[in-house]
2 protein chains.
Amino acid sequence: MIANTPQPPYYAVIFTSSLTHTEIGYSEMANKMVNLAKKQSGFLGVESVREEIGITVSYWKDLESIRNWKENLEHLFAQKMGKNLWYSSYKTRIAKVERDYDFFKK
Amino acid sequence: MIANTPQPPYYAVIFTSSLTHTEIGYSEMANKMVNLAKKQSGFLGVESVREEIGITVSYWKDLESIRNWKENLEHLFAQKMGKNLWYSSYKTRIAKVERDYDFFKK
């Protein structure tokens, strides 16, 4: 689903990743983290797709919300599991959305 | 592939889309546009994944490079085809990448 975000400015966390061959527990943890993120203060939406690489973009009200989410205890545990088991590489980019526009077919 | 972008700041164009059932010509045009984007001044990289929705994030040196790409004649034609045929909806977000960090498994 395309996230229904408010008027800019707001923030995007662009998380691009490649997985290892150790997939045990990955999907469950990924779903759990999306559900947990949705409960955080300042969370605005998320878009996620995976094929060879995965791109997850989460949207946040401000940098403080992103920092709080990064330091959430359950999320810290998931990040550690991710580095140890599931991810062969990833890149996280923190970006300020300055402008957006959309199209919906009539 | 995870795009090998330079040190921030730089810009990201986050393009999230859903397709119609008219897929004729879509993949060819999408590939053509990626190859054309790569030749543009200020282009830094691209990441793209599609399942139910598609997320394509392209990275650019500055807003002027993004504006030039948006107004590229072949790209304008592709955008028009996209609205008429391929996309049921999309959202484009222009964002300034302020910070990034990555992980590569040893």
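With 14 C-beta neighbours inside 10 Å, M81(A) counts as partly exposed (buried means 20 or more other C-beta atoms within 10 Å of the residue's own, exposed 12 or fewer, partly exposed in between, with C-beta atoms placed from the backbone). The model is predicted: local features need pLDDT of at least 70 and side-chain atom pairs count only at pLDDT 80 or more, while totals for chains, interfaces and linings use all residues. Residues are numbered from 1 along each chain as its sequence is written, with chains lettered from A and ligands numbered from 1 in the order in which they are written.

View 1. Leaving aside neighbours within four places in sequence, M81(A) is in contact with M29(A) and W86(A) (C-beta atoms, placed from the backbone, within 7 Å). Y26(A) is 55 residues from M81(A) in sequence, yet their C-alpha atoms are 9.1 Å apart.

**View 2. The side of chain A that touches chain B**. Chain A and chain B each give 35 residues to the contact. β4(A) supplies the largest share of the chain A side, 18 residues. Because 100% of the interface residues of chain A are also interface residues in chain B, the copies meet through the same surface.

**View 3. Pairing of β4(A) with β4 of chain B**. The two strands pair in the antiparallel sense over 15 bridges (pairing requires at least two DSSP bridges). F103(A) stands opposite Y90(B) in β4(B).

Key: Contact = placed C-beta atoms within 7 Å. Helix = DSSP H or I, 4+ residues; strand = E, 2+ residues; numbered from the N terminus.
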